[in-house]
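Here is a short briefing on a single chain. Look over the fold first, then work through the points by topic.

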Amino acid sequence: MSNPYGPNPGDYLSNVRSFQLIESTLREGEQFANAFFSTEKKIEIAKALDDFGVDYIELTSPVASEQSRLDCEAICKLGLKAKILTHIRCHMDDARVAVETGVDGVDVVIGTSSFLREYSHGKDMSYITNSAVEVIEFVKSKGIEIRFSSEDSFRSDIVDLLNIYRTVDKIGVNRVGIADTVGCANPRQVYELVKTLKSVVSCDIECHFHNDTGCAIANAYTALEAGAKLIDVSVLGIGERNGITPLGGLMARMIAADREYVLGKYKLHKLRDLENLVADAVQVNVPFNNPITGFCAFTHKAGIHAKAILANPSTYEILNPADFGLTRYIHFANRLTGWNAIKSRVDQLNLNLTDDQCKEVTAKIKLMGDIRPLNIDDVDSIIKDFHADLKPSEDKSEQSEEPEVKKQKV
Ligand SMILES: CC(=O)SCCNC(=O)CCNC(=O)[C@H](O)C(C)(C)COP(=O)(O)OP(=O)(O)OC[C@H]1O[C@@H](n2cnc3c(N)ncnc32)[C@H](O)[C@@H]1OP(=O)(O)O
Ligand SMILES: O=C(O)CCC(=O)C(=O)O
Ligand SMILES: [Zn+2]
């Protein structure tokens with residue numbers, strides 16, 4: 001049966017089943033307000049990303065600082081499976097430094113929107129195009145991969161964009177990138193732009209989405225549906241302002257679409273450690289509502305949910321926690337609980353209560369839950385007291401099918 005959450009089989013543009021990741025924790029992520037990565041920390045993160053299985057690791061520009069250049073060289077020497085990229089301005093001064101670092105590829109970017117042309121670098125489209133051609137040909141001449149990206153693509157003139165992408169495609173750029181630098185794009189706009197670009201270039205398309213308006217994961221998925229091949233991510237989404245498409249969130253979206261592909265390619269059981277590593281490094285907590293690893297991502301609370309989850313987890317879970325080395329949890333210590341959840345706790349406590357007795361004790365738990373927040377100990381005490389107070393004739397264990405055995409034990 002085809003997966004209803006995967007790509008439509010007739011969607012011939014889609015790369016949902018063949019996408020790649022450009023992991024930018026060590027570039028975009030370094031632009032996160034709290035980030036300072038020592039060389040040792042960068043190496044630890046790069047190794048963890050490589051072990052997770054990302055396709056590319058993007059590093060801060062080597063012209064940002066002398067230590068950034070040295071770190072770039074050090075990471076290139078690690079011999080990782082992932083290809084190492086560095087990210088530079090569209091300028092020969094940057095390109096000359098980048099190609100000497102030992103990287104496998106260079107990501108070049110320049111703003112094409114009127115905002116950035118006027119207030120950032122001050123160059124017009126013909127100057128930008130000439131610089132792009134010069135930088136691309138130079139990097140290619142060194143036998144290194146080269147990607148050209150327009151910054152602020154969604155606020156750029158579509159004719160300008162298509163013209164420059166067509167030009168760089170013709171001279172053999174490896175990839176072109178679209179960047180939603182200010183997080184303004186919505187999925188329909190993403191679909192339209194990627195699909196249009198796909199009809200103009202023959203090279204791969206990479207996409208970069210900021211999350212200012214909360215669309216970064218949805219935009220990434222839609223870009224893949226429209227034919228983009230590569231998505232920029234960072235661990236926990238860290239980056240400028242509130243960041244970009246998060247690695248874990250995108251994994252959640254993609255595993256729902258194509259479990260086999262994602263499980264075959266990425267070590268998802270390493271995600272939690274990877275996120276904790278980066279969270280510690282930049283001194284934040286993993287958000288409570290983080291996809292997959294948020295503390296309650298697989299916790300079920302309301303009685304209606306708990307009953308169905310106990311019968312079949314697919315009732316209220318689109319993701320299987322076991323795929324990420326995690327477990328689900330039924331939160332029964334609260335007034336929204338139901339007798340099915342409490343019966344499951346009774347069983348865990350190895351007590352025997354009839355269904356009616358479970359319903360009775362559930363009512364007591366709810367009464368207490370109306371007065372104050374409960375914890376597991378509270379509920380266990382209510383259950384145990386209830387059980388202890390049963391008259392022998394009411395105690396289900398006294399009426400069990402094996403009275404002989406019980407008598408012998410006594
Ligand atoms: C959207 C993004 O995230 S793009 C990536 C952002 N990454 C970074 O900025 C990396 C860290 N940056 C740095 O270390 C510094 O900004 C440097 C080393 C790159 C440049 O530093 P400075 O020379 O002091 O310039 P400053 O940062 O003040 O201004 C940016 C300069 O780059 C130019 N510029 C900006 N974008 C581009 C571009 N894509 N291509 C070419 N030149 C550009 C600007 O015109 C400006 O040059 P100017 O000083 O001649 O006016
Ligand atoms: O190089 C790119 O494609 C993206 C650069 C960037 O970080 C952005 O535009 O937000
Ligand atoms: Zn960015």
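Which strands run in the closed barrel, and with what pairing? The barrel is closed and has eight strands, in the order E1-E2-E3-E4-E5-E6-E7-E8, with parallel pairing. From one strand to the next, the twist averages 25°. This is a predicted model, in which local features need pLDDT of at least 70 and side-chain atom pairs count only at pLDDT 80 or more, while totals for chains, interfaces and linings use all residues. Residues are numbered from 1 along each chain as its sequence is written, chains are lettered from A and ligands numbered from 1 in the order in which they are written.

**Terms for the fold**

- Helices (H or I, at least four residues) and strands (E, at least two) are DSSP runs, numbered from the N terminus.
- Two strands pair if DSSP finds at least two bridges between them.
- Angles run from 0 to 180 degrees between N-to-C directions, with axes as lines fitted to C-alpha atoms, for helices over the stretch in contact.

**Barrel strands**

- Strand E1 (residues 20-23) and strand E8 (residues 230-233) run parallel, joined by four bridges.
- Leu-21 stands opposite Ile-231 of E8.
- E1 also runs parallel to strand E2 (residues 56-59), with two bridges.
- Here Glu-23 has Ile-57 in E2 as its bridge partner.
- Strand E5 (residues 145-151) pairs with strand E6 (residues 175-180) in the parallel sense, over four bridges.
- Ser-149 stands opposite Gly-177 in E6.

**Domains and annotation**

- The chain divides into domain 1 (20-281) and domain 2 (299-399); the bounds come from an automatic or database domain assignment.
- Their centres, taken over C-alpha atoms, are separated by 48 Å.
- Eight residues from domain 1 and five residues from domain 2 make the contact, where contact means C-beta atoms, placed from the backbone, within 7 Å.
- On the side of domain 1 that touches domain 2, helix H9 (247-257) and H11 are the elements that give two or more residues.
- H9 supplies the largest share of that side, three residues.
- An unreviewed UniProt entry annotates residues 19-278 as "domain: Pyruvate carboxyltransferase"; UniProt positions are given in the numbering used here, feature names are shortened, and annotations may be inferred rather than shown by experiment.
- Residues 19-278 are 45% helix and 17% strand, and their end C-alpha atoms lie 24 Å apart.

**Helix H9 and the cores**

- Nine of the eleven residues of H9 are buried, so the helix is largely enclosed by the rest of the structure.
- A residue is buried if 20 or more other C-beta atoms lie within 10 Å of its own, exposed if 12 or fewer, and partly exposed in between, with C-beta atoms placed from the backbone.
- Among the buried residues of H9 are Leu-247, Leu-250, Met-251 and Arg-253.
- The buried residues of H9 pack against E1, helix H8 (216-225), E8, helix H10 (259-265) and H11.
- The largest nonpolar core has 87 residues; a core is a set of buried Ala, Val, Leu, Ile, Met, Phe, Trp, Tyr and Cys residues joined through C-beta atoms within 7 Å.
- Ile-57, Val-106, Val-194, Ala-220, Ile-231 and Met-251 touch the most other members of that core.
- A second, separate core has 17 residues, including Ala-306 and Cys-358.
- Leaving out residues up to four places away in sequence, Met-251 touches Val-262, Tyr-266, Leu-268, Leu-271 and Ile-292.

**Loops and backbone angles**

- Ile-292 is not a glycine, yet it has a positive phi of about 70°.
- Ile-292 sits in the loop between helix H11 (271-281) and strand E9 (299-300).
- Ile-292 counts as buried because it has 22 C-beta neighbours inside 10 Å.
- Asn-350, also other than glycine, has a positive phi near 65°.
- Asn-350 is in the loop between helix H13 (339-348) and helix H14 (355-371).
- Asn-350 counts as exposed because it has 7 C-beta neighbours inside 10 Å.
- Leu-349 lies in the loop between H13 and H14.
- Leu-349 counts as partly exposed, with 14 C-beta neighbours inside 10 Å.
- Beyond its neighbours within four places in sequence, Leu-349 is in contact with Asp-380 and Ile-383.

Notes:
Two residues are in contact if their C-beta atoms, placed from the backbone, lie within 7 Å.
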